[in-house]
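My entries follow in the order in which I made them.

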Amino acid sequence: MASSITSKPFLGATKPNSSLSPDLQRLSFSSLRISIKPRTHKKLQIQAAGSTFGNYFRVTTFGESHGGGVGCIVDGCPPRIPLSEADLQGDLDRRRPGQSRITTPRKETDTCRIYSGVSEGVTTGTPIHVLVPNTDQRGHDYKEMSIAYRPSHADATYDMKYGVRAVQGGGRSSARETIGRVASGAIAKKILKLFSGTEVLAYVSQVHQVVLPDGSVDHDTVTLDQIESNIVRCPNPDYAEKMIAAIDAVRTRGNSIGGVVTCIVRNAPRGLGSPVFDKLEAELAKAVMSLPATKGFEFGSGFAGTLLTGSEHNDEFYTDEHGRIRTRTNRSGGIQGGISNGEIINMRVAFKPTATIEETAHSDSRKRRDRTTSPRSS
């Protein structure tokens, strides 16, 4: 049964012209009728894209793991900022797969190219288009995925939502989507460094049961070179060896383990973030929790802060030798009331064990006809 919605006349609208045909009168400004026929056999589906993050500096990522390529479009970059592919390639090389025995064996050069938004070596203020071609597509490795769901992958949920999915390698749920984040992040880091001397660093602080002790890394002095000194990217050499050994132990059995990444932001401008829904920690949480395989987020004292009393947890203020208001401790993690206070922002992100493993596991077919086993894919 059809339902109708009739609008009230707009302010100042004239009466329908009697000389118009009945069909045109129904389309006149003073009376609008919309006929809606409900679909009784269709499930409610929200066809949201979800590929854009940010307001003033807006990043849209695109591409799939075994398609033609992946990349990003960055809108809101200030003009006249020196920028070239080389500024992005360093971070993309750090992200590139196949660098060591503890990463995915896929071989990609991940060479980027900027197609717009840069002229004669400087940004123009218009959208910046960055593309990284896929050169090691192995879609045939995933042939059986068209009928079997891989445990703890996004295969089943993509089918549930869209009724169609990219079988080859997981499509948008693949970690290759992060190439667009890395490229746009390199641009953002350059802007922050140029305007406020801000520095962003991240390192591995836990692998399975190997946990880097609190205070073993000095966030005031740790450098990128220290982090990059080993394949697990832990700035403590002793714990780095333990982490690598833990990964090797399960890797040789065709299994995987998870871990925690700690990220710090030094010289962050004061006043970033807004009250209530746009708190800085909420925005950071959304950004990092949208990464593949993330399962937890905390900043400052995090969950451990629940074990303290108020007097133990409070960060006392003082005035430093430069007349700046500082805090003696930093259990707030550089953010108070959702707004940065100028101290080092520190956060931690938990990643689950990689779901793609060599061990076989029981699964269900796409058409639910029988039980199958998930293949060994990479």
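I began with strand S4 (residues 58-63) and strand S5 (residues 69-75), which run antiparallel and are joined by six bridges. I took strands (E, at least two residues) and helices (H or I, at least four) as DSSP runs numbered from the N terminus, and I called two strands paired if DSSP finds at least two bridges between them. Within this pair, Val 59 stands opposite Val 74 in S5.

Before going further I noted that this is a predicted model, in which local features need pLDDT of at least 70 and side-chain atom pairs count only at pLDDT 80 or more, while totals for chains, interfaces and linings use all residues. I also noted that residues are numbered from 1 along each chain as its sequence is written, and that side-chain values use heavy atoms, with hydrogens and water left out.

I then traced the whole sheet, an open one of five strands in the order S3-S4-S5-S9-S6 with antiparallel pairing. Strand S3 (52-53) and strand S6 (113-116) each have a single partner strand and stand at the edges, so one side of each is left without a neighbour in the sheet. Helix H4 (residues 178-196) packs on this sheet and touches S4, S5 and strand S9 (128-133), where contact means heavy atoms within 4.5 Å. The direction of H4 makes about 35 degrees with that of S5; axes are lines fitted to C-alpha atoms, for helices over the stretch in contact, and angles run from 0 to 180 degrees between N-to-C directions.

Next I looked up Phe 53, which lies in strand S3. Is Phe 53 buried, partly exposed or exposed? Phe 53 counts as partly exposed because its relative accessibility is 34%, with buried meaning under 20% relative accessible area, exposed over 50% and partly exposed in between (1.4 Å probe, protein chains only). Not counting residues up to four places away in sequence, Phe 53 touches Arg 58, Val 59, Glu 283, Lys 286 and Ala 287. Phe 53 and Lys 286 are 233 residues apart in sequence, yet 9.1 Å apart in space, C-alpha to C-alpha.

Last, I checked the cysteines and found zero disulfides in the structure, a disulfide being a pair of cysteine sulfur atoms within 2.5 Å. Cys 72 is in no disulfide, and the nearest cysteine sulfur, that of Cys 112, is 9.1 Å away. Cys 72 counts as buried at 0% relative accessibility, and Cys 112 counts as buried at 7%.
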